[in-house]
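Subject: Structure handover

Hello,

Here is the structure for you to open. My notes on what was found follow below.

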Amino acid sequence: MIYSVRHATTFLYEPAVRESVMEVRMQPRTDSTQRCLSFHLDVSPAANITQYHDFAGNSVHHFDIARSHTQVKVTARSTVEVQPVPPPNLSEAGDWADLDALTAAEDYWEMLLASEFARPSAALRSLETELKCHRRGNPLELLMELNEGIYTLFAYVPNSTKVDSPIDEALHTRQGVCQDFAHIMIALVRPLRVPCRYVSGYLFHSDIAQEKDRSLEGASHAWVEALVPRLGWVAFDPTNDLVGSARHIRVAIGRDYADVPPTRGVYIRRDS
């Protein structure tokens, strides 16, 4: 599948600011299952844009607007090709011993430790008990159960949490958005010594899939990737009870949202 993606964000400032500095993660990744064919970033007011790659290989664009302004418009346009991904097969996945051997042989510690938005709590421990979240069956089987369990137990409610909300808010109300559900799943599986990472991107909404998709069309999306022995990184979308497919367009990966916000920056007021 080849997709054309447009991501637009506008920041308004009142009163005007005299300088703003921002970094942007909006360029889709290029890897074994996906190719970013083209990407263009437009910034208004006009600014000199530089690019670098962060620790996870995500493309980061950076700019500085060093003059008075009341708004910043950021528009990213990309064309990306996503290859079909076969659903994971339980019979081909390894067991817990295979997973332990894999994590012992390679360095996955960043995706095994608690992070800013994916950390243990009393509310999370209660959910662990409810979902019987302990090593059983094989890793893939348990991950698929947790993916479905979060989908079943939590309601998708837009604007019910904020980008910096801790997972306890969603855990107590049993409602949230894709970011919350991704963080909850990460926090559940990392203590089981399953490397798990946060993925930001987009989900293509087709007419065939509309009945099950809960995430909003035309919005950014988030899901997780967990390391499954013999299969590698497998994507799970607890918001929609899906495994990764050609509908999932990957932009950035990290330990959690704190590593991969689409935009992040600072500004200086005129009277500062």
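The largest pocket is lined by 29 residues, and those nearest its centre are V163, C178, Q179, S220 and Y257. A pocket here comes from a 1 Å grid over the protein atoms alone: it is an open set of points where a 1.4 Å probe fits, with protein on both sides within 12 Å along at least five of seven lines, and lining residues have an atom within 4 Å of a point.

This is a predicted model, with local features needing pLDDT of at least 70 and side-chain atom pairs counted only at pLDDT 80 or more, while totals for chains, interfaces and linings use all residues. Residues are numbered from 1 along each chain as its sequence is written, and side-chain values use heavy atoms, with hydrogens and water left out.

**Pockets**

The largest pocket holds about 730 Å³ of space. Volume means the space filled by probe spheres set on the grid points, which are joined across faces, edges and corners. Strand β8 (196-203) gives the largest share of this lining, four residues. β1 (2-24), α5, β8 and β9 (220-228) each supply at least two. Helices (H or I, at least four residues) and strands (E, at least two) are DSSP runs, numbered from the N terminus. By class, the lining has 16 nonpolar, eleven polar and two charged residues. Ala, Val, Leu, Ile, Met, Phe, Trp, Tyr, Cys and Pro count as nonpolar; Asp, Glu, Lys and Arg count as charged; the others, Gly among them, are polar.

The second largest pocket has a volume of about 570 Å³. Its lining has 26 residues, with T33, V85, W233, V234 and A235 nearest the centre. The classes here are 13 nonpolar, seven polar and six charged.

**Cores**

The largest nonpolar core has 52 residues. Such a core is a set of buried Ala, Val, Leu, Ile, Met, Phe, Trp, Tyr and Cys residues joined through side-chain atoms within 4.5 Å. Buried means under 20% relative accessible area, exposed over 50%, and partly exposed in between (1.4 Å probe, protein chains only). L143, L171, I184, L188, V194 and F236 have the most contacts inside this core. Helix α5 (residues 178-189) gives the most to it, nine residues. A second, separate core has twelve residues, including M22, M26, V74 and A76.

L143 is in contact (heavy atoms within 4.5 Å) with M185, V189, V194, A226, V228 and F236, leaving aside neighbours within four places in sequence.

**Helix α2**

In α2 (residues 122-130), the buried residues are A123, L124 and L127. Seen down the helix axis, they fall within an arc of 100 degrees, so they line one face. The arc is taken from the directions from the axis to the C-beta atoms. These residues pack against α3 (139-153), α4 (167-173) and α5. The face turned away from the buried side carries the exposed residues A122 and T129. Just after α2, K132 takes a positive phi of about 55 degrees.

**Single residues**

T239 lies in the loop between β10 (232-237) and β11 (242-243). T239 counts as buried, at 0% relative accessibility. Beyond four places in sequence, T239 is in contact with Y151, Y156, C178, F181, R214, S215, H221 and A222.

D241 is in the loop between β10 and β11. D241 has a positive phi of about 55 degrees, although it is not a glycine. D241 is buried, at 19%.

R193 is in the loop between α5 and β8. R193 is not a glycine either, yet has a positive phi of about 65 degrees. At 43% relative accessibility, R193 is partly exposed.

H61 sits in strand β4 (residues 59-65) and is buried at 7% relative accessibility. Among the contacts of H61 outside its sequence neighbours within four places are M22, E23 and F39.

C36 is in strand β2 (residues 34-44). C36 and V251 are 215 residues apart in sequence but 9.5 Å apart in space, C-alpha to C-alpha.

**Cis peptide bonds**

A cis bond joins E14 and P15, with omega about 0 degrees. P15 lies in strand β1. The bond from S44 to P45 is also cis, with omega near 0 degrees. P45 lies in the loop between β2 and β3 (49-53).

Best wishes
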